[in-house]
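Please read the following account alongside the sequence and the coordinates. It moves from strand pairing to cores and then to single residues.

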Amino acid sequence: MMGQANYCRSVQACLFLLLVGLVQVLGKVTAPGHVEAPVEKPFTLTCSFSKERGESLRKIHWLDVQNQTLLSYQPGNRDGVSGQQHVELASSSKDTSAITIRRVGFRDEGCYTCIFDFHPSGSQQGQTCLTVTAQVTVDSNKTAVSGKRASLSCSYALPEKVQQIVWRHVSAQGDSTEVASFAKRSDPMIEPQFQDRVWLTASLSESTLTFQPVAIQDEGCFTCMYETYADGIKSSVVCLSIYVLPKPQVSYKTTSPGVIEANCTSVSRPPAEIVWNVERDNRTVGPPLTRQLPRPDGTTLVTSTLTVQSGLLKDVSIKCLVHHKGLESPIAVSMNTKIGTALTILISVTTVASLLVMSLCFCLWKCFLHKEAD
């Protein structure tokens, strides 16, 4: 049994030494098998090497995806670097070679070979494969006014990989609907319920979805999906809010002797805020009362009621101010105030002018009759 155990340990030791020897012979050059690089950014490729005792490293070559010389140099002689213009030798440790692609593009995707010329053992090489990646970018969330034009955009910096672009709409209720799509070597396709008011650009990189006119039912989030042949589906989301701007109206009526009820109404989306501005005085009967009534079309009717003393209408200006997120400044609507005196003056002036015109006409008529008599 002791002899068998010693024999097993001897075999294990031999296997270990054999594996170490293989690593030393085959592992002189190591490189990552696969790396990913973001498009339009610089990226560095590296290979590491180890020398056996008595060996010297004479030269390092890098080959591109087409096995053409990408960069070549002698260790310790950075001034003697030769190669293609879009790459440069990067700083690295003494047992590593690194090159930087200044701006990664689609054509840089593929496998790169690093070759180390050792003396006297000869050349050793490693290989690393590069995948160029990109993310879908979209506009920030947008707000549009119902009935106007609204555009949503997204982009993908690797159109060479794109087979199709699809836009989908998810409503506030969670309903998902395909809106439009564009595939390579075809025309943009608009779904029937969106035709005549939706357009999609014919591009596999910059995609713009346009609504004209945009409607309340278009509110929600839109997913822009790029279907690629190698990287699967790349997507991003942009949300659209729809405003309906208010068109306020003011009316008033007498509710009891000496008391008037003023009403300011506004239909909008989202609900407007209504405040009252009473000039110089505040002879109101209590604070205003505001009510909100949601409507089936998604808008909200807001009514603000202010009770004032009737004499106030003749003396001061009363305004209804409507604030809304879609407005740069509030809308001011004045009641028919401060018109009592002005109306009296206007009636008086008109009456006097009419009497003067009638008197003049009468005098002219009398003069005409007098001449006829002569």
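In strand S25, Thr 300 is the bridge partner of Pro 294. This pair belongs to the antiparallel pairing of S24 with S25 (residues 300-309), which runs over 6 bridges. Two strands count as paired if DSSP finds at least two bridges between them. Strands (E, at least two residues) and helices (H or I, at least four) are DSSP runs, numbered from the N terminus.

The model is predicted: local features need pLDDT of at least 70 and side-chain atom pairs count only at pLDDT 80 or more, while totals for chains, interfaces and linings use all residues. Residues are numbered from 1 along each chain as its sequence is written, and side-chain values use heavy atoms, with hydrogens and water left out.

S24 and S25 are part of an open sheet of 4 strands, in the order S21-S22-S25-S24, with antiparallel pairing. Strand S21 (249-256) and strand S24 (289-294) are the edge strands, each pairing on one side only. On average, neighbouring strands of this sheet are turned by 20 degrees against each other, direction ignored; the axes behind this angle are lines fitted to C-alpha atoms.

Ser 266 sits in S22 (residues 259-268) of this sheet. What is the relative accessible area of Ser 266? The value is 1%, so Ser 266 is buried. Buried means under 20% relative accessible area, exposed over 50%, and partly exposed in between (1.4 Å probe, protein chains only). Not counting residues up to four places away in sequence, Ser 266 touches Pro 246, Lys 247, Pro 248, Ala 272, Ile 274, Thr 300, Leu 301, Val 302 and Val 322; a contact means heavy atoms within 4.5 Å.

Another open sheet has 6 strands in the order S12-S20-S19-S14-S15-S16, with mixed pairing. Strand S12 (142-145) and strand S16 (189-190) stand at its edges with a single partner strand each, so one side of each has no neighbour in the sheet. Within this sheet, S14 (residues 162-170) and S15 (residues 176-183) pair in the antiparallel sense over 7 bridges, and His 169 has Thr 177 in S15 as its bridge partner.

Over the protein as a whole, there are 3 helices and 27 strands. Of its 374 residues, 34% count as buried. Among contacts between residues at least 6 apart in sequence, 55% join residues at least 24 apart.

The largest nonpolar core has 55 residues, and those with the most contacts inside it are Leu 45, Trp 62, Phe 116, Trp 167, Leu 209, Phe 222 and Tyr 226. Apart from it lies another core, of 17 residues, including Ala 262, Ile 318, Val 322 and Met 335. A nonpolar core is a set of buried Ala, Val, Leu, Ile, Met, Phe, Trp, Tyr and Cys residues joined through side-chain atoms within 4.5 Å.

Some backbone details remain. Most residues other than glycine have a negative phi, and most peptide bonds are trans. The peptide bond from His 119 to Pro 120 is cis, with omega near 15 degrees, and Pro 120 is in the loop between strand S9 (110-119) and strand S10 (122-133). Gln 212 and Pro 213 are also joined by a cis peptide bond, with omega about 0 degrees. Asn 67, which is not a glycine, has a positive phi of about 60 degrees and is exposed, with a relative accessible area of 56%.

Note on methods. Axes are lines fitted to C-alpha atoms, for helices over the stretch in contact, and angles run from 0 to 180 degrees between N-to-C directions.
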